[in-house]
Amino acid sequence: MKHLTEYRDPELVEQYIQELHKTATRPWTIMEVCGGQTHGLVKNGILNLLPDLVTMVHGPGCPVCVTPVNLIDKAVYLAEEKGVILCSFGDMIRVPGSTKSLLDAKAGGADVRILYSPLEAVRLARENPDREVVFFAVGFETTAPANALSVVQAQKLGLKNYSILASHVLVPPAMEAVIQDDDTHIQGFLAAGHVCAIMGIAEYGPLVERYKMPMVVTGFEPVDLLQGILMVVRQLERGEYKLENQYARVVRPEGNPEARRIIEQVFEVVDREWRGIGNIPGSGWAVRSELANFDADRKFSVSVTKVPNAPIASRVWC
Amino acid sequence: MCGAIPKYLSLGFILEEGLTMAEFWDILVSIKGASERAGIHIVTGDTKVVERGKGDKIFINTSGIGELHPQADISIKNVKAGDKVIVSGHIATHGMAIMSVREGLEFETTLESDTAPLNHTILALLDEFGHDIHLLRDPTRGGVATVLNEIARDRNVGVTRVGIDLKQAAIPVLDEVAGACELLGLDPLYVANEGVFLAIVATEVADAFLEKLRTLDYGHSAAIIGEVVAEHPGQVVLTSRIGGRRVVNMLVGEQLPRIC
């Protein structure tokens, strides 16, 4: 099947592995930014095929795991106390808040639904005019267009019972926070392919220049990942730093202008707390104030006891 | 999956007021057909009707008895290093068929559940291979990965803890099922099966067992997908299509679609 096998071709993979072994002469530490890339590295057993000299660091944390405890508490509160239909992507519902997860709330009888698309939540709102429907809008830049589109669509339909609980996080500020951390050993990055498919690659050039660090926009299949790693290692070995695009079959330099327009229409940049990391300035998106009716946080004026954002380094939840 | 030949089945219904006779009749006809195909007699049963709102249309409960196959010795205690792991058909088809008709997920292709009576197939295998079939399991909820982990992690008295090696390239998955799993971010190894069984058989008979199974109903796509090993006891380790190795863990809760 096209695209299910060609980027998983064992012979091609073998060639890249050999090339990596030939190319790496010193120890290098590279961070892959996207959880999808981490998943690809683990699922395909790529980590133990890499040369010992190449160390992959998984970070800075996927949008699910970095969602602040307080926001999960708010979602649980809305589901349990306000009787809303709380809709969420699947991997979010297992992540614990201060006392329980959405899965616990669901088990306790709250109406929590796992959806693949926020547009499904808009449909639920239409079908249940006497219920409030809230979509838990988490994710990097990748999920933002669909989440924003759900608000645009709900507005067009004149729905009064639909809102989103937004916890969007942005990749470039988080990468910068990682680079600036005193304990960091990262020497190069695989930038997140699908984030760049939306946002384009312009934001990364200044980071490459400022911190003299190679960055390669990379895809998710075995051949993608190995090619991306090889491109970073080649730069490091030559003492170069530049922005390259391994995932050109999907990522255009300008990203997806239509998706960015919808994001801009619905969201504005805010400071955002990252679970396990702390506050990163300008690293999130919240619903614009003129769309407050679609912002569950404002609409329900939820107040939950603010709990310290305990690090969760001991456990990954997604 | 314990080496018994199923013979008789009880059949109990709890019907919610408002279920139409037409729907009930359809279900009865379907049960009749399935029991005839399986050669099983429904010998006892009961029907209760509950008020509207007190049941979810219909609950069906069954229980069966049969007799032990004289040559069968199916026990996890018989599993030992060197044994081969055989799957009787394409995996993950049932779970994805269910998923495809769930709220909001529409695929261009229609997936049919693999639900099938396996008793005749297994009876034929027991007749021929008897004691050399060490273990039979049906990888329903939690899929192949969960069942193999249960085997590897079994701590009952008399059980030697073993590891299991799987070869991804050998595991039969229909193209459309693999595609649907990719799309939804699910791993076929954890997706539920119905008309599929796993057999752990002595290595000496593995090839003959496979050859025979492929001639039997519901066994045409059978494959040897792995091996019981003495290394890494308690763990299931998969060699991926590209030659990397990873631990296949037990599924925690239900498999959830991922966004990250």
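Which residues does Val134(A) touch, not counting residues up to four places away in sequence? They are Leu78(A), Val84(A), Leu86(A), Cys87(A), Ser163(A), Ile164(A), Leu165(A) and Ala296(A). Touching, or being in contact, means that two C-beta atoms, placed from the backbone, lie within 7 Å.

This is a predicted model: local features need pLDDT of at least 70, side-chain atom pairs count only at pLDDT 80 or more, and totals for chains, interfaces and linings use all residues. Residues are numbered from 1 along each chain as its sequence is written, while chains are lettered from A and ligands numbered from 1 in the order in which they are written.

**Domains of chain A**

- The domain assignment gives domain 1 (6-62 + 171-245) and domain 2 (69-170 + 255-299). Such bounds come from an automatic or database domain assignment.
- The centres of the two domains, taken over C-alpha atoms, are 30 Å apart.
- Their contact takes 15 residues from domain 1 and 17 residues from domain 2.
- On the domain 1 side, H7 and helix H8 (193-199) of chain A each give two or more residues. H8(A) gives the most, with six residues.
- By class, that side has 12 nonpolar, three polar and no charged residues. Here Ala, Val, Leu, Ile, Met, Phe, Trp, Tyr, Cys and Pro count as nonpolar, Asp, Glu, Lys and Arg as charged, and the others, Gly among them, as polar.

**Nonpolar cores**

- The largest nonpolar core has 105 residues. Leu86(A) and Val134(A) have the most contacts inside it.
- Helix H10 (residues 222-238) of chain A gives the most to this core, with eight residues.
- Domain 1 and domain 2 of chain A both give residues to the core, so it lies between them.
- A nonpolar core is a set of buried Ala, Val, Leu, Ile, Met, Phe, Trp, Tyr and Cys residues joined through C-beta atoms within 7 Å.
- In soluble globular proteins, nonpolar side chains tend to be buried together.

**The sheet in chain A**

- Six strands form an open sheet in the order E4-E3-E5-E6-E11-E10, with mixed pairing. Helices (H or I, at least four residues) and strands (E, at least two) are DSSP runs, numbered from the N terminus. Two strands pair if DSSP finds at least two bridges between them.
- Strand E4 (112-114) and strand E10 (267-274) are the edge strands, and each pairs on one side only.
- Neighbouring strands are turned by 25° against each other on average, direction ignored.
- E10(A) and strand E11 (residues 278-287) run antiparallel, joined by seven bridges. Phe267(A) has Val287(A) as its bridge partner, and Arg272(A) stands opposite Ile280(A).
- E10(A) and E11(A) form a hairpin with three residues between them. Gly276(A) in the turn has a positive phi of about 85°.
- E6(A) and E11(A) also run antiparallel, with two bridges. There, His168(A) has Trp285(A) as its bridge partner.
- Helix H7 (residues 171-180) of chain A lies across E6, E10 and E11, running at about 180° to E11(A). Axes are lines fitted to C-alpha atoms, for helices over the stretch in contact, and angles run from 0 to 180 degrees between N-to-C directions.

**Where the chains meet**

- 31 residues of chain A are in contact with 19 residues of chain B.
- Helix H1 (10-23) and helix H2 (35-43) of chain A each supply at least two residues of the chain A side. H2(A) gives the largest share, four residues.
- By class, the chain A side has 18 nonpolar, eight polar and five charged residues.

**Single residues**

- Most residues other than glycine have a negative phi, and most peptide bonds are trans.
- A cis peptide bond joins Gly59(A) and Pro60(A), with omega about 0°.
- Lys212(A) is not a glycine, yet has a positive phi of about 50°. Lys212(A) counts as exposed because 10 other C-beta atoms lie within 10 Å.
- Asn245(A) lies in strand E9 (residues 243-245) of chain A. Asn245(A) counts as buried because 21 C-beta neighbours lie inside 10 Å.
- The cut-offs are these: a residue is buried if 20 or more other C-beta atoms lie within 10 Å of its own, exposed if 12 or fewer, and partly exposed in between, with C-beta atoms placed from the backbone.
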